[in-house]
Structure formats: structure tokens, C-alpha cells
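Here's a quick briefing to read alongside the structure. Have the viewer open and follow along topic by topic.

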Amino acid sequence: MLKKSILAGLALSLAFAAPAFAGDYPSKPITVIVPSKAGGSTDRTARMLTETIKKQNPGFEFVIKDIHGSGGQKGFEEIARARPDGYTIGMVFTPQLVAHIVSKRARYTLDSFHVIANVAQDPGIVAVPKNSKIKNLADLAKAAKAGQLTVAVNGIGSDDFLAAKNFEAKAGVTFNLLPTKGSTEQKAGILGGHFDAAFMNLSQMIAQHRAGDARIIALLADKRDENAPNIPTSKEQGYEVYMTATRGIVAPAKVDKAILAKLDAVAGKALASDAFKAAAKKGNIYLKPMSGPDYLAYLKQLQADTQAVYDKAPW
Amino acid sequence: MFSHVMAVLQPYSILTIIIGTVAGVAIGGMPGLTATMAVGLLVPFTYTMDPALGLMLLGGIYCGAMYGGSIPAILLNTPGTPAAVATAIEGFPMSRKGKAGLALKVSVIASFTGGVFSVFILLLFAPMLARQALHFGPPENFLLALMGLAGIVSIADENSSLIKALIAGLLGMIIAIVGTDDMSGSLRYTMGYVELVDGINFMPALIGLFSMIQMLELAGLRRTHKIDMSALHKKQKSEPLPKGIFKFIALGAGTGTVIGVLPGEGATIAAFISYNVSKRISKLKELFGKGNPEGIAAAEAGNNGCVGGSLVPTLTLGIPGNSVAAALMGAFIIQGMIPGPDLFTQYADKTYPFILSMFIANGVFLIVGLTVAPYLARIALIPPAIMVPVVATFAVLGSYALNNAIFDVYMMIAFAGFGLILKKLGYSLEALILGLILGPIAEGGFSQGMIMGKGSPWIFFESGIAKVMWVLIILLLVPPLYSYWKNVAMVKAPPKEALDDLDSLNEPE
């Protein structure tokens, strides 16, 4: 009896707590969970976006909460299990978001989230030391066939790793893969000539490429990037190996529909604004606005692709 | 260059630097709050600030926090940052002898010298040094970690329990296995805890092993230990620095700067290596571990030397020298200043004032340190009945504050309990910490080296740098092993009292 009344009471209180009426939303600051380090690119993206939303929509206030570590898993889980009242939303990034699901570590699925939008991306690249004889992807494949190449990727299950595995399959080669702890080690190894090549992201190496300290031989995309128009794509070079690290914004799935619609709208408006575009350009963030449904479709496809790699060689 | 100097000497700039440095000292002085965290948290706030001022603020915090870590290390045996562990080994025994004031003075002067030296190097030789640092690859990183680990043997030779020190060091490395295996991506002994995916957090471990154990021991004393207060009553100024201390400061400053320049290495390893080397060359070897100011001098000059050093590859190549420098790099990028040659040409009007401001930051903490040291030194006199609960509270808060995670508090308590048992059994906790901190660095360098060498360990002997490092490692290892062997062979280890005897200090080298 007692148990029952407690349960009933809980149910009641939940019922009263949940309906934050969409009409007066938001009546308090919204917490944005950033599953990464303060000052990192995901953090900067979140701050720029929320700053723009705040300016465009009086009444919206945000608090950024950085939960770093475990490749974002801790933060993703916190977004998924946050109280669905619309006052906790968060950033996600790929492929880690789906990689944790595929490797059966995550305590969430894609269904745990309502996908608001994708904001930015950091396209994959292949970099080699500046004196390397490898000038393009064909050279890379040829050299890999002739002898084992030491190729650095940023950790197992990362976007670099998946891209390298994909290239191995498409080119029919096997690399001597060297996982590093963070892109810093990759940079140091390429600049110092310790590695033959590295699969990385554009923002991590673009400055070194421009300064002539390293060479980016391919952008892993089907179209050239406006931030680096002279870097040839993998498609141009005949290898359909594409990889990009996206950074999107999501809310817990069970949030009231009307609130979600409001969030979708303000985010969409901010993404389209010139002020946001200017801030992103200054902060070395590459924008790739995608609507919620588009981004969800992208995430589902990415999860299927990652699953295929995982099934062949689990980590 | 003149205009850059003037930019730093503006009243606003000076005020910003002072605020940053003092805040840095305070943050570094709190167990659990590290320089990385402070800089990381403040980077977003500099977004809306004037770029030059924002960078000066962060630079001040970096310099201040590196020094600040030594204060609780000396007074409470609680390293404020992992880099201050070696300082605690020497500083706390000095506090117990009533020499806290001198220890603090040595630490601030050494920190200042190390810091200023490294900023000079950064200002004058950054591009050239950065190129040299690139020769350092994973195999050399492994050897550097080995050099640090050689300290375990040195810890042993004074307690003459080599086996126990080695076991403790090994235990540390075993504990450090927990977490993700970077080479395969698989999880090792995380037992389903997401909190353990990145491995054991150093700070809760340090707080548990140092401050908490210290407090447990104090609370467990039958009688309160009398601290010699007479030394404190003497005027601070009248206490001269120990003779020949500058040799050790210079050693630390040099080691710290060099190690700081290497990408990915940190202040902790710099402090330990300069501490260990100074122990080898000191004439007062026997005093090490019992309160030798030379150890403090080397360790503190070492970890502050890392400040300028770590910025060398960060600013010139965009490769952060350590985690604080990585956070600082975020501050540059957010202002649209991408590290690389551009910083010294296009953005020279912001980069040079930033570098120059760190001279002032070092000066600020020198003044702060010298002025408040005599008052701070009195903390060592607080009776245990007050000290124990206060420090224990700070230990819990500090562990929690790191990630806002209660898990870290349990971790800290577990380490305190486990460490207390080890300590009572005569195992060295310093060796355990060395293993815990350096184990993962050694593992990373070793496994990456083996992959680069395609399975052949020969790669660890290939480069010229590697060969030199092997010689250094042997030089660090042989003397303590030899003296240990001599002690064992003679089976008449000198009684402990003999160590305090002055005669025994004058042994030939």
C-alpha cells in the first residue's frame, strides 16, 4: 500500500514536473552539454551558436557544461538521460557518437535523441611529411604495396581510423597502423618525419600545410573545401573514401514536441545568419548546416558503415 | 620590439597580468585545481576580451599556477599540481623541522629563475628549438619516461629497500593499466565504469596518496608532534639561501626548458628528472627525502622551466608542449591566430606582448611569494585538531571539483586507504606515483615505437638522441645500484642515526 502510494506520488510529481509549457519556454537558462574539453573546437562551436541564438531571440539564456573524456561517451550519456524538460540539450560529434553504439559501450542509441541540426564539420585529410616522396593517394597506395607504411590515426574507432580502414579496403593495401593519443602526437610525428602518413582532420593540419611544414595530399570528400580550395579531393584522385567529423546539436528524445519545434527553429535561424558565419570563419570552424532529419539520416548511414568496419575487425 | 614592450607596460596590461598571476597562484595552491583546468575554463571568457589582454591573463595564470602548486606541497604535503610531487618529498620534511619559511623561499626563487630562463629561451630561440624538438619521436619518448622511472631506484637507495621500491613502482604501473588500451582500443579493467575509460585520474590519486594519508597519520598519532617553532620566529630575510643552491636551480631551469620543448612531455616528468639528477650530483645525498632544499630548487626550477619551453612548439608549430599549452592554443585559435609562423609576423603585436608579459608574471609571483611566505609558513603550525578536518575537507572538495564527479572522491579515499597500508609496510608511495604517472607515457612510447620498428626493438637504439639517452639512463642507474650492492655485500648497513652525523656527509663522490 505504502509502496503504491509512493509510486502514485512519484507519477504525479513527474506529471507536474514534465510539462514545461512550450508557451513560456524558456523561462530559465538552458544547459548545453559539451562532451569535450573547454576551449576545444566542439566547445567553441557551441559557444558561438548559443551566443547567436541569444542575440536573435531575447529570453534565451544558455549555460555551457563541459563533460570531457571517454571519447564523448560520458557527455552523450548525460544528454540522453537528462530530464526531458527542454532545459538540457547538448552537442554531439561523429563518428564517436555512433562508434560507441557499435562497440556496444554506449548506454544510449540514436533513438535517445531528437536531432536538432548539424552545425559544423572537420573534413578528413591525409597528411605526409614535407619531404615525403608520396605526392598523392596513388603514390600512397603504391608505396603501401611496396612495403609497410607506418600510418598514424588518432585512436582506434576514431574517424581517422575508419577512414584509413576504408582506404585500405578500397586500395587493397594494409597499413602498419599506429594509433596515437590525440592529434598532437600525429602532428609531431608528421612534422618530425617519424610517420609515413597520417589520417587527420583539416583544421588540425591546415596551418602547417600552409606554412610548408607538412603536406596534405588529399581531402577525404567529394567536393573541395572552400577553406582550402587547392587541396585535391579523394574523389578527384579516384578513391571514394570520404570522412568528415560532424558536430551537431541534439536534445533528449522525450522532450515536448512544441519545445523541440521551437529549438529547431531558433537553431535553424542562427545557422543561417551572417553573424554566425563570420564568427565561425574567424574561429577556424568549418560550417556544414544540416536540418534535423537530414542529419539523422546521415547518422543512421554512418552507424551502418561503422558497423560494417566493426564486424570485420572489432576493437 | 620597443612598441611590444610598451604594450606590456600599459596600466591595463600590468593589472591584467597581476590578476592572472595571483589567481594562478591561488588556483595552483588548491589541491585538485590544476593549471590545465584554470586555463581551459578561462579560454572561452577571453573570446570577448582584447586578444592581447586575454592572452596575458592566461599567461599569468599559467606561470602563477605552476608556482602555486609548491605551496601546499611544502606546507601540507599536498601537491597542488602533479608537478609538485617532488617538491613535497623535500619540502614537507623541512616544514616539520620548522624550516617552512626557507623551503617556501627556495621554491619561489627557483620557480622564478626557471620561469624567467625559459621565457628568455622562448623569446630568443623558439623557431630553432622547435625544429630540434621534432627529432624526438615515440622511441625517444619511451626513453625519457625510462629516465624518469630511474628515479624509483634512487628513492630506494636511501631506504635501502630496493625490492620494496621496485614493487611499489610496479604497482603504480599496474594501476595505470586501467583504462583504454590505445593500441587496440579495448578497455582494460574498467569494470563497466565510464569514469575509468580514460584511466585512473592522477589528481584524486595524488590527493589520496599525499594529503589524505598525511592527515590520517596525523590523526593517528598518540601524541602531537612538536614542531620546532624557533626557526619561524627569526626574520625571514635573515635566513640566507643555502650555499651552492644556484647550481641546482640552474640544473632544473635547463632540464625543465629542454623537456618542456619536447611535444607532449610535461612539467611532472621535468620536475622528477631534475630532482633525480640533482640527487645524483649533490654532496648532501643523504639528506634527500629528509628535507633537502636542493631538491626543492631543482624540482621547482624544473617545472616552471616547462612554461616557456612548452610554448616553443605550441607557438611556432602549433604542437602543444603539454595540456596547459594545448588549452592556451585554443585561446589563440579562438582569436583567429592560428599558431605557426604567422604568429611572429602578422600577429607579432599580440604574440610578443604575450611572451614579454610572462616576465612580469614571473616577477609578480616572486614578489607575492616572498611577501606572503612568512605568513604562509605559519600554516605548518596549525594544531592537528584543526588541520586534519580542514585539509580532509579540501581533499574531498578538490577531488570532486576536478570533474564534478563523486566517483573521483571514492577514488581518492580508496587510494588513501590502500596507500596507508603500503606506507605502513614500508613501501615508498613516491615510487608508486612515479609508476602511476610515467607508466602510461612509457607504455605509449614503447608500443608506438614497436609499431614503427615493425616489431623490432632495435628502433630504441637507432637514433643519436636515443644513444645519448641510454648513456644518461645508465649513469642514473649505476651509482645507486652500486651503492646498494655494496651495502648488501657488506651486510652492515649503517644505523639510521649515522645519517644525521655530519661526518657521513663528507663521503667521497
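## Quick tour

Chain A is built from 11 helices and 10 strands. Its radius of gyration comes out at 21 Å, close to the 20 Å that the globule rule gives for 315 residues, so chain A is as compact as a globular protein of that length. Keep in mind that this is a predicted model.

**Chain A overall**

- Taken along the principal axes, the C-alpha atoms of chain A fill a box of roughly 75 × 45 × 30 Å.
- Of the 315 residues in chain A, 52% are buried.
- If you look at contacts in chain A with a separation of 6 or more, 78% of them join residues 24 or more positions apart.

- You'll find A:I33 in strand β1 of chain A, which covers residues 30–34.
- A:I33 counts as buried because it has 24 C-beta neighbours inside 10 Å, and the cut-off for that label is 20 or more.
- A:D66 sits 33 residues away from A:I33 in sequence, yet their C-alpha atoms are 6.0 Å apart in space.
- Setting aside residues up to four places away in sequence, A:I33 touches A:K65, A:I67, A:G75, A:E78, A:I79, A:T88, A:G90 and A:M91.

**Where the chains meet**

- The contact between the chains takes 37 residues from chain A and 40 residues from chain B.
- On the chain B side, α3 (35–46), α16 (323–334) and α20 (429–452) each supply at least two residues.
- Helix α16(B) has the largest share of that side, with 6 residues.
- By class, the side of chain B that touches chain A has 24 nonpolar, 13 polar and 3 charged residues.

**The nonpolar core**

- The largest nonpolar core has 254 residues, and those with the most contacts inside it are A:A127, A:V151, B:V39 and B:Y62.
- Helix α7 of chain B (residues 100–133) gives the most to this core, with 17 residues.
- In chain A, domain 1 (29–120 + 245–312) and domain 2 (123–219) both give residues to this core, so it lies between them.
- Leaving out neighbours within four places in sequence, B:Y62 is in contact with B:G24, B:A35, B:V39, B:V307, B:V324 and B:L328.

**Helix α3 of chain B**

- Most of α3(B) is covered, with 9 of its 12 residues buried.
- The buried ones are B:A35, B:T36, B:M37, B:A38, B:V39, B:G40, B:L42, B:V43 and B:T46.
- Those buried residues pack against three helices of chain B: α2, α4 (51–68) and α16.

**B:G28, a buried glycine**

- B:G28 belongs to helix α2 of chain B, which runs over residues 11–29.
- Is B:G28 buried or exposed? B:G28 counts as buried because it has 30 C-beta neighbours inside 10 Å.
- B:G80 is 52 residues from B:G28 in sequence, but the two are 5.5 Å apart in space, C-alpha to C-alpha.
- Beyond its neighbours within four places in sequence, B:G28 is in contact with B:A35, B:G64, B:A65, B:M66, B:Y67, B:G68, B:G69, B:G80 and B:T81.
- One of those contacts, B:A35, is also among the buried residues of α3(B).

Definitions and conventions
Residues are numbered from 1 along each chain as its sequence is written. Chains are lettered from A and ligands numbered from 1 in the order in which they are written. This is a predicted model: local features need pLDDT of at least 70, side-chain atom pairs count only at pLDDT 80 or more; totals for chains, interfaces and linings use all residues. Helices (H or I, at least four residues) and strands (E, at least two) are DSSP runs, numbered from the N terminus. Two residues are in contact if their C-beta atoms, placed from the backbone, lie within 7 Å. Ala, Val, Leu, Ile, Met, Phe, Trp, Tyr, Cys and Pro count as nonpolar, Asp, Glu, Lys and Arg as charged, and the others, Gly among them, as polar. A nonpolar core is a set of buried Ala, Val, Leu, Ile, Met, Phe, Trp, Tyr and Cys residues joined through C-beta atoms within 7 Å. Domain bounds come from an automatic or database domain assignment. The radius of gyration is taken over C-alpha atoms; the globule rule is 2.2 Å times the number of residues to the power 0.38.
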